[in-house]
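Subject: Handover of a structure

Dear colleague,

Please find the structure below, followed by a summary of what was found in it.

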Amino acid sequence: MKLFGFRGGVHPQSNKFTTREKGIKTLPFPDKLYLPVQQHIGAPAAPVVEINDKVLKGQLLAHSQGAISAPIHAPTSGTIVDIDYYTAPHPSGLPVRTIVLKPDGNDTWQQSEGVVNPFKLTTDEIAARVGAAGIVGMGGATFPSAVKLGLGKDNPISTLIINGGECEPYLTCDDLLMQEYGDDVVDGIRIMVHALNAKRALIAIEDNKPGAIQTMTIATHLFSHIKVISVPSLYPMGSEKQMIQMLTGKEIPTGSRSADIGVVVHNVGTAYAVSNAIRKGKTLTSRIVTVGGGAVKNPQNFEVLIGTHVSELFKQCGGFIEEPARILMGGPMMGQILPGTDVPIVKGSSGVIALTKKEIALQKTMPCIRCGSCTDVCPCGLLPLEMANRSRKGDLTGAVDYGLMDCISCGSCAYVCPSHIPLVQYFNFAKGEIASRNIEKQHNDVTRELAEQRKNRLEAEAKAKEEAAAKRKALREAKLKEAEELKQSAKKETVT
Amino acid sequence: MSIITPFSGPHTHAEQSVPKVMLSVLVALFPATVFGIYLFGWSALILFIITIFSALVSEAVCLWLANKPVKLFMLDGSALLTAWLLAMTLPPTAPWWIGVIGGSFAIIFGKHVFGGIGQNIFNPAMMSRVVLLISFPLEMTTWINPLPIGSPNALSFTDSLSLTLGMNSVDVVSGASVMGHVKNELGQGHALSDIIPQGYDIHSMAIGFSNGSMGETSALLILFGAVLLLSLRIISWHIPGAMIATTAILATVFNTIDPLHYPDAIFHVLSGGLMLGAFFIATDPVTSPSSNAGRLLFGAGCGLLVYIIRTWGGYPEGIAFAVMLMNASTPVIDNYVRPRIYGYKSKNVPLQYSPEDFMSKDDLTTSDKQSGGTH
Amino acid sequence: MLYSAIASLTLMGLTLGFFLGLAGRYLKVESNPIVDELESLMPGSQCGQCGFPGCRPAAEAIVEGAAPVTICPPGGRALIEQLAAKLAIDFDLDSIEDKDPAFAQVSEETCIGCTRCFKVCPTDAIMGGPKQIHQVFREACTGCEACIEVCPTECLHMDGVEITLGTWRWPKPALAA
């Protein structure tokens with residue numbers, strides 16, 4: 001199939017060989033599982049269990065709230081020991097409401113029923129089951145998949161793109177998922193194609209994963225409407241915008257979604273979870289996580305129960321060879337720094353990476369020499385040097401004018417900058433400032449209106465008071481006049 | 001537990017840094033420099049060293065005055081590169097004080113008054129050369145015929161030292177550069193066929209055995225260096241390509257109209273500092289546009305101005321003026337010429353697709369669900 | 001020749017100056033419209049935290065140059081940016097410190113329901129009736145502290161806003177070399 005390419009991109013060293021050949025290991029049950037109620041985009045889930053409740057594997061622990069939300073399920077059977085605020089796996093280290101579960105070691109599934117023929121279900125039924133299973137985008141975006149599966153109702157979808165790109169260095173979880181569970185993944189794809197009423201599915205796999213390409217090609221050979229496409233290993237191939245451009249030559253118009261150009265993108269891990277949910281009635285309880293990085297003794301992929309502490313994973317890898325300079329959740333390009341290792345694996349955690357000082361290659365930031373390397377590699381056609389300059393000076397309108405809101409924060413620009421300027425952090429800072437200012441402005445508008453209303457109310461009250469007083473006065477005068485007249489007439493009567 | 005100052009991604013980096021970029025450019029300049037020194041003798045080397053030394057001293061003083069970390073910025077190689085390029089454009093037998101004034105002016109007024117590295121509007125080397133040319137026209141237009149080191153009439157080291165330091169008068173045969181000579185004669189109304197009766201010698205001009213400054217002579221060696229830079233992705237082809245192409249096209253046009261009074265494209269490209277200017281001077285990242293389309297415009301403008309100044313202007317060589325004039329227009333180019341952003345057709349105009357663009361006709365009309373086989 | 005030049009220029013200067021004076025007196029614009037524009041940007045709660053007796057006097061002071069654009073605490077950085085943009089002032093936002101947003105909070109144990117606070121609240125952010133415990137609507141509170149000053153039992157205090165995962169923002173990278 002013809003590929004269309006995308007602008008820019010970089011080639012970081014992939015280092016995937018460290019975990020690719022080692023298969024997927026399982027972990028012993030951790031002492032406790034920590035389940036944040038917010039592991040997805042949208043409203044946090046609301047707990048339905050209480051402390052000391054006994055739960056079975058896959059049982060609902062917190063239900064979704066609103067249209068954009070997802071429920072949380074028990075990753076294994078056990079007892080709820082706490083519902084409180086614990087550190088979130090987020091760079092800020094701020095706490096998040098967490099349900100703590102102590103496994104009982106039996107791993108007993110709750111009663112669940114799969115569907116014999118998913119192709120008889122309607123889109124809404126499939127979406128409902130997927131939503132109830134707590135499935136969110138497993139590539140890391142964690143957008144509730146049920147909502148995405150319903151997009152076929154309002155938009156004609158021509159292509160479902162299954163993202164097997166995995167362009168980040170070190171991560172091999174999707175690669176191994178495709179190699180070991182390829183048939184289930186393809187089953188999930190078929191169900192999603194049916195739900196979206198799409199005409200075809202394209203499974204895009206980077207060419208540095210020959211094993212996965214082979215397995216998936218075999219798994220799809222019976223289905224003419226599902227094709228495996230080998231795409232070049234170029235970062236950020238796994239980005240939705242760039243993948244769509246590579247495969248279809250079309251770009252998502254600004255302000256629109258991919259469904260508006262007939263495309264929906266889902267991760268391979270999501271497809272696997274969908275198959276489990278629909279065929280076997282299994283809710284989302286675990287995922288494959290790559291533990292890697294130069295500082296880890298034995299990097300490895302694991303099938304991990306959601307809520308396992310990151311420290312457990314590093315322990316199972318034999319610990320660290322040297323003190324890691326940074327511990328990240330995700331890959332080295334877009335991963336988030338973790339505040340420590342006592343934070344849980346969540347639904348979107350594709351990997352945990354411990355990088356050495358040499359690997360992070362940190363150098364002192366120099367002034368910008370306007371070399372334009374950032375512009376050359378930006379996949380979105382932006383001018384990172386101009387945006388960063390303006391963000392630094394607080395000229396947010398200028399930064400937005402140069403395309404700040406179209407930035408996907410892939411990090412290609414900062415990766416190549418010879419002056420080692422932290423470009424992405426400038427953009428994150430600027431986007432956050434803009435969000436804060438919008439909230440402030442909204443608050444100002446609301447209070448201004450309230451002040452206006454109060455002024456009007458007080459004026460109205462004062463006016464009403466005046467009118468009432470005037471009325472009373474008029475009434476009183478009328479009464480006095482009446483009394484006078486009565487007196488007059490009475491006097492007249494006595495006279496006559 | 002929380003981190004007070006978290007870092008954002010990316011948490012790894014390509015092996016590139018400012019000193020590495022500068023070093024690559026210096027390596028690319030090396031062949032032409034060595035050849036130039038060989039060609040013009042020890043005085044060229046001495047002037048070279050004096051220029052670079054003055055520049056480095058000025059850099060250190062300016063950094064110290066500005067309270068910036070001196071060692072960090074001295075080691076980034078930008079002052080060294082500026083001085084090197086400036087020295088390549090000076091007459092090899094210029095007196096020592098030209099080197100001192102040139103080197104310090106370039107760094108102090110060409111770079112640090114604007115705020116240091118990355119902040120200057122004009123190319124510091126060109127700014128300095130223009131100032132020297134206008135202030136000291138005699139010394140800056142006295143060229144000599146090549147006297148390679150080791151040839152019978154070449155000056156010894158001590159003689160060269162005396163020449164540069166302006167001590168007892170040493171005899172050198174001065175001769176106008178090819179461009180200067182041609183322009184002079186053309187200005188007096190002679191036809192090209194009389195000025196260069198046998199045609200100019202392409203070989204000697206390309207390889208470099210002709211008069212001029214160190215960087216002007218060997219077009220071939222400059223080209224080698226340029227190929228290195230292009231392959232390392234330190235410069236892109238847009239500026240040099242546009243600059244040389246524009247000059248060549250204009251030269252060809254006028255040469256076709258009047259072959260006797262307008263030199264042809266090859267003459268223009270190989271003589272003077274066009275090759276050095278196009279690949280090493282106009283491509284200075286700080287003072288040139290950052291988008292490729294902008295670079296093409298910039299290069300074309302430089303080429304146009306070079307041709308105009310060379311043909312109708314008062315000076316035989318126009319690179320320095322052309323580059324500085326286009327440097328002044330870089331902010332304007334950068335503001336109006338931007339790459340197209342993903343999802344937009346042009347600035348503030350989103351892309352638009354109709355359903356026919358992404359769905360085939362029968363896909364749009366069929367409404368039945370895809371039966372993906374049995375269970 | 002010289003004298004005629006001096007005379008003509010002097011005459012021109014005097015004539016033009018005279019006309020300028022006339023224009024200054026008879027064509028004067030009464031109220032500077034920019035003051036209205038600035039006032040419309042401000043919160044409008046007349047809280048007085050800026051030291052001026054209301055938003056309009058503050059706007060006038062800013063236009064005159066007697067007050068800086070940073071003068072309004074409830075407006076925050078958003079307002080400063082808007083004011084600076086309106087007046088075409090170059091403003092470096094780094095130099096101002098962000099005042100942490102704060103909202104008034106009633107301590108229910110000590111509230112006596114005297115109703116003095118909600119009468120002075122410029123945005124009607126306090127709800128409550130006589131002899132009933134009052135409560136502050138956070139979304140409507142501008143942090144002007146007027147209520148704190150009138151409360152007889154000192155049961156009102158300012159509460160800072162806690163940063164949550166939803167409101168945390170990336171800090172600006174530290175300055176380069």
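**Domains of chain C**

In this predicted model, the centres of domain 1 and domain 2 of chain C, taken over C-alpha atoms, are 26 Å apart. Domain 1 covers 33–95 and domain 2 covers 102–160; such bounds come from an automatic or database domain assignment. Eight residues of domain 1 of chain C and six residues of domain 2 of chain C take part in their contact, where contact requires C-beta atoms, placed from the backbone, to lie within 7 Å.

**Chains A and B**

Between chain A and chain B, 70 residues of the former are in contact with 48 residues of the latter. Among the elements of chain A that each supply at least two residues to this side are helix H4 (173–196) and helix H14 (423–495); helices are DSSP runs of H or I with at least four residues, strands are runs of E with at least two, and both are numbered from the N terminus.

**Backbone of chain A**

A cis peptide bond, with omega about 0 degrees, joins Tyr235(A) and Pro236(A). Pro236(A) belongs to the loop between strand E11 (226–231) and H6 of chain A. Glu166(A), which is not glycine, has a positive phi near 50 degrees and sits in the loop between strand E9 (159–164) and H4 of chain A.

**Conventions**

Residues are numbered from 1 along each chain as its sequence is written, while chains are lettered from A and ligands numbered from 1 in the order in which they are written. As the model is predicted, local features need pLDDT of at least 70 and side-chain atom pairs count only at pLDDT 80 or more, whereas totals for chains, interfaces and linings use all residues.

Yours sincerely

Definitions and conventions: Contact = placed C-beta atoms within 7 Å.
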